[in-house]
Amino acid sequence: MPTLTDPYAIAGMVSRLRDPHYERWASQIRRTGGCRQPIHLRGKVEHWDRATGQLLHRYSTHQEPNGVLRVPCKTRRASRCPACAEVYRTDTYQLVRAGLVGGKGVPTSVNAHPCLFVTLTAPSFGSVHTRREKNGKALPCHARRDAETCPHGQVMSCTARHGADEPCLGEPLCPDCYDHAGSVLFNALSPELWRRFTEALRRRVARSAGLTQRELREQAMISFAKVAEYQRRGVVHFHAVIRLDGPDGPNTTPPAWATVDLLADAVRHAASAVTVTVPTVPGEPTRVFRWGAQLDVRQITVGGELTDQAVAGYIAKYATKAAECVGTLDRRVNLLDDLAALPIRDHARRLIAECLRLGVLEELTDLRLTQWAHMLGFRGHFSTKSRRYSTTLGDLRTARTDHMRDEQISTGRLPLFDEDTMLVISHWDYAGQGLSAGEQLLAAALTGTQPPEQTSRLEAVHG
């Protein structure tokens with residue numbers, strides 16, 4: 001973010017303030033909600049009467065500042081645009097919570113359905129610096145009395161009591177011993193491991209109830225919503241809400257045999273049963289991945305120890321984050337990039353290097369490791385849900401768009417037309433993205449997205 005000490009930013013800010021179309025520009029910026037990299041669109045919208053062929057209304061960007069309309073980028077990544085990521089986080093929160101207590105088209109009776117919060121972790125790929133606590137007190141990282149010395153001369157022990165934000169957290173005790181290849185391959189195959197987990201879960205539930213798969217579908221349905229989170233060591237694990245419903249989803253009551261204990265047993269069995277094998281690669285060891293030993297299964301209850309608000313907030317928080325939170329990039333790695341010069345952690349650099357090395361092997365082409373090197377091999381969706389879990393992000397966005405349109409009509413900013421007799425013709429072209437340094441400063445003041453001291457100084461300049 002530019003500052004008020006940047007002369008180029010100041011010059012750009014003054015230029016925009018002196019623009020005769022400044023007020024209209026400011027209005028566009030406010031309507032983007034503080035988007036840091038708004039999309040620029042050029043085009044028009046026309047409303048025609050179907051019966052008479054009369055033009056009822058026309059909007060064109062020709063009269064807008066710089067001839068473009070600025071709209072939010074709608075990214076989910078907080079590192080790229082905090083404002084749009086916050087909208088995504090809020091939508092994800094509402095989506096997850098609706099599946100726990102109802103609302104957004106989901107009946108409130110869903111809060112009585114068996115429901116678990118499950119965390120599936122990755123296996124170990126080598127010892128890393130970590131922060132451990134007991135009764136609120138920090139413990140030594142890896143204190144070992146008779147610690148071995150690895151082949152690279154590193155004593156595999158660390159007696160430090162690390163702080164929560166120390167940069168060494170997640171870094172291997174010995175980088176040369178750490179299985180970087182295994183880490184990125186696990187990330188790449190974790191979506192398949194999750195898919196196999198859900199299939200094994202359904203089979204186990206059916207067997208526990210004494211049913212076939214077909215009979216299970218006639219009596220019950222398993223719904224879920226999950227999010228992927230990067231651990232500091234650069235490997236993903238999954239947090240999931242898993243719920244047992246009746247045959248038609250949350251609108252139907254689950255059968256009497258569908259209990260929390262039965263679901264928890266099925267989760268534990270499925271997590272321990274599934275594996276995925278890495279394609280055989282000459283010169284590489286045979287790898288069979290399974291979930292890590294740390295499996296967390298807890299019941300979600302309204303007003304209980306683990307509440308719906310806590311779970312929804314936890315999942316929504318990680319829906320806006322990606323690998324950049326563990327010290328890598330939030331953009332693709334270009335083959336022309338100098339890997340040694342990238343501003344990233346050494347551990348992340350070695351993981352990216354493994355992606356680039358393995359990505360060119362014919363046997364691993366389908367994993368697309370080169371394209372997803374910046375994600376340390378993970379190419380799955382960060383937040384997903386089953387079809388009948390609750391509402392959808394699309395429905396939430398449509399409801400917000402309809403609300404904004406109704407507000408514009410009620411205030412007279414948009415004419416009221418009979419949609420059944422009106423033909424709408426629109427044409428849009430992409431015309432760029434982002435704001436200049438000076439415009440970013442003004443946008444921060446207009447939308448309150450900067451720290452108070454910075455915002456107050458901007459307001460003084462703005463007058």
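In which hand, left or right, does helix 4 pass helix 6? Let's find out in the viewer. What you have open is a predicted model, where local features need pLDDT of at least 70, side-chain atom pairs count only at pLDDT 80 or more, and totals for chains, interfaces and linings use all residues. Residues are numbered from 1 along each chain as its sequence is written, and side-chain values use heavy atoms, with hydrogens and water left out.

**Stop one: helices 4 and 6**

Select residues 180–208 for helix 4 and 260–273 for helix 6. Helices (H or I, at least four residues) and strands (E, at least two) are DSSP runs, numbered from the N terminus. The two axes sit 8 Å apart at an angle of about 135°; axes are lines fitted to C-alpha atoms, for helices over the stretch in contact, and angles run from 0 to 180 degrees between N-to-C directions. That makes helix 4 oblique to helix 6 (under 35 degrees is roughly parallel, over 145 roughly antiparallel, 65 to 115 roughly perpendicular, and the rest oblique). And the opening question: the crossing is right-handed, meaning the near helix is turned clockwise from the far one by less than a right angle, with anticlockwise being left-handed.

Now show side chains. From helix 4, Phe197, Ala200 and Leu201 are among the residues that meet helix 6, whose side includes Leu262, Asp265 and His269. Contact here means heavy atoms within 4.5 Å.

**Stop two: helices 1 and 10**

Next, pick residues 7–18 (helix 1) and 437–447 (helix 10), whose axes come within 6 Å and cross at roughly 70°. So helix 1 is roughly perpendicular to helix 10. This crossing is right-handed. Zoom in on Ala9, Gly12, Met13, Arg16 and Leu17, which meet Ala437, Gly438, Glu439, Leu441 and Leu442.

**Stop three: Ala122**

Jump to the loop between strand 4 (115–120) and strand 5 (132–134), where Ala122 lies. Ala122 is buried at 7% relative accessible area (buried is under 20%, exposed over 50%, partly exposed in between, with a 1.4 Å probe and protein chains only). Beyond four places in sequence, its contacts include Phe186, Arg233, His237 and Gly292. Then draw a C-alpha to C-alpha line to Thr108: 14 residues apart in sequence, 35 Å apart in space.

**Last stop: the cysteines**

How many disulfides does the structure hold? The count is 0, a disulfide being a pair of cysteine sulfur atoms within 2.5 Å. Select Cys35, buried at 2%: its closest cysteine sulfur, in Cys73, is 3.5 Å away, too far for a bond. Finish at Cys150, buried at 10%, with the Cys174 sulfur 3.6 Å off, also too far for a bond.
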